[in-house]
Amino acid sequence: MGDRTVITTQVAIMGAGPAGLMLSHLLHQAGIENTVVEIRSRAEISATIRAGILEAGSVDLLVQSGVDNVLRNGHEHEGTEFRVNGEGHRIDFKGLVGQSVWLYPQNDVFDDLAARRETDGGDVRYSCSNTEAFDLLDKPRVHFTDSEGNDFELRAEILVGADGSRSYCRHQIPEAARKTYFNEYPFAWFGILTEAPRSAPELIYANSPHGFALISQRTDTVQRMYFQCDPTTNPADWTDEQIWEQLRLRVNGNGFELKEGPVTDKVVLPFRSFVQTPMRHGNLFLAGDAAHTVPPTGAKGLNLAFSDVRVLFESLDSYFKSGSTALMDTYSERALDRVWKAQYFSYWMTTLLHTVPTETNHEFFRARQLGELRSLLESERGRAYIAECYTGWQSK
């Protein structure tokens with residue numbers, strides 16, 4: 001190994017997913033130098049298909065920073081439908097809380113931000129290897145090898161770990177200085193992509209005696225759908241007809257029928273909740289999946305990451321402009337306030353809508369669950385609570 005080329009910057013960011021690139025973009029606009037180091041290639045991140053519901057606040061963050069393709073290519077959803085035993089109940093987000101959500105795939109968010117950082121001359125290093133971080137309590141340093149085999153030492157005042165659910169950075173916080181919370185759920189989602197027209201204009205969350213299902217959209221001709229399954233399920237064992245049979249059982253009814261087509265992709269997604277606290281150690285700050293993950297039922301993953309980024313950007317902007325560490329010192333506490341609200345909502349939505357296979361008194365659990373759903377859906381305040389949480393707890 002030869003000598004390392006030294007790069008000096010104000011903020012080093014490990015991770016070039018949507019969270020890392022969003023922070024890099026905001027810092028650039030504020031005149032704060034930053035360099036992003038990512039172990040994956042740009043093409044690999046772009047090809048990672050993830051859920052695509054953006055809260056109103058996430059859309060605002062993108063649009064107000066000048067990354068506004070979501071307004072042209074996304075689909076505004078002013079509500080969603082809960083189907084219970086085949087009967088539809090629409091929750092009118094716009095009418096209840098004055099907000100919408102937007103259907104816009106996460107890989108499109110990444111592509112928009114990656115293109116904008118490239119246009120703006122951002123220093124984003126993809127396909128890096130041998131990444132290591134040092135001196136987190138003082139002036140952080142990051143060693144890495146770039147895609148061409150050149151070795152670098154990145155010197156910064158602040159290091160941000162936005163490196164996803166398999167985060168390297170979170171493990172650099174000493175065990176004695178961190179606490180982790182974890183919950184694994186007794187079911188998973190069987191997800192498919194299908195070549196079919198939209199079955200509905202908005203998302204459908206279905207609760208049935210046969211288990212949960214979610215009907216989502218992707219494009220005019222490709223749709224994303226999920227149904228509850230055992231975590232040990234092997235998607236390769238399932239035929240198209242078996243998949244559609246399960247979806248029909250859980251969703252169809254009262255004159256509604258899914259629009260079906262060839263299944264082009266199958267995957268099983270396990271359900272986990274995770275939080276690591278605090279989200280700061282010295283001059284290392286964690287953001288997004290590096291610090292927390294949620295089950296996908298409440299559509300909070302990317303939105304929670306963007307919430308972290310908003311709070312962290314305000315903290316770093318204040319520090320570099322005024323020298324004050326006041327906002328940085330409270331970053332973890334402020335970010336975790338929303339993290340735990342999102343953890344609760346995601347857990348609640350999951351238990352509200354799924355059949356729990358380990359429940360010993362299944363008949364009681366099912367009847368109680370239906371009572372809870374009726375209590376919510378027959379009440380304007382109950383529907384408004386779902387709408388407020390789902391669209392993202394708008395600040396007053």
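The following questions and answers concern a predicted model.

Me: How many residues are in the second, separate core?
Reply: Apart from the core of 102 residues, the model has a second, separate one. I215, C229, F256 and V263 are included in this second core, and its number of residues is 19.

Me: Is Q343 buried or exposed?
Reply: Q343 is part of helix α10, which covers residues 331–353. Beyond its neighbours within four places in sequence, Q343 is in contact with S273, F274, V275, H292, T293 and V294. Its relative accessibility is 6%, and a residue under 20% counts as buried. Q343 is therefore buried.

Me: Is E257 buried or exposed?
Reply: E257 lies in the loop between α7 (240–251) and β18 (263–277). Its relative accessible area is 60%, and the cut-off for this class is over 50%. E257 is therefore exposed.

Me: How far apart in space are E257 and V294, C-alpha to C-alpha?
Reply: V294 is one of the contacts of Q343, whereas E257 belongs to the loop between α7 and β18. In sequence, E257 and V294 are 37 residues apart. In space, their C-alpha to C-alpha separation is 30 Å.

Me: Which strands stand at the edges of the open sheet of four strands?
Reply: The order of strands in this open sheet is β1-β12-β11-β10, with mixed pairing. Two of these strands have a single partner each, so one side of each is left without a neighbour in the sheet. The edge strands are β1 (5–8) and β10 (129–134).

Me: Which residue in β12 stands opposite F144?
Reply: Strands of a sheet pair through backbone hydrogen bonds, either parallel or antiparallel. Here β11 (residues 141–145) and β12 (residues 151–155) run antiparallel and are joined by five bridges. Opposite F144, the residue in β12 is F152.

Notes: Residues numbered from 1 in each chain as written. Predicted model: local features only at pLDDT ≥ 70, side-chain atom pairs only at ≥ 80, totals over all residues. Heavy atoms only, no water. Core = buried A, V, L, I, M, F, W, Y, C linked by side-chain atoms within 4.5 Å. Buried < 20%, exposed > 50% of the residue type's maximum accessible area, 1.4 Å probe, protein only. Helix = DSSP H or I, 4+ residues; strand = E, 2+ residues; numbered from the N terminus. Contact = heavy atoms within 4.5 Å. Pairing = 2+ DSSP bridges.
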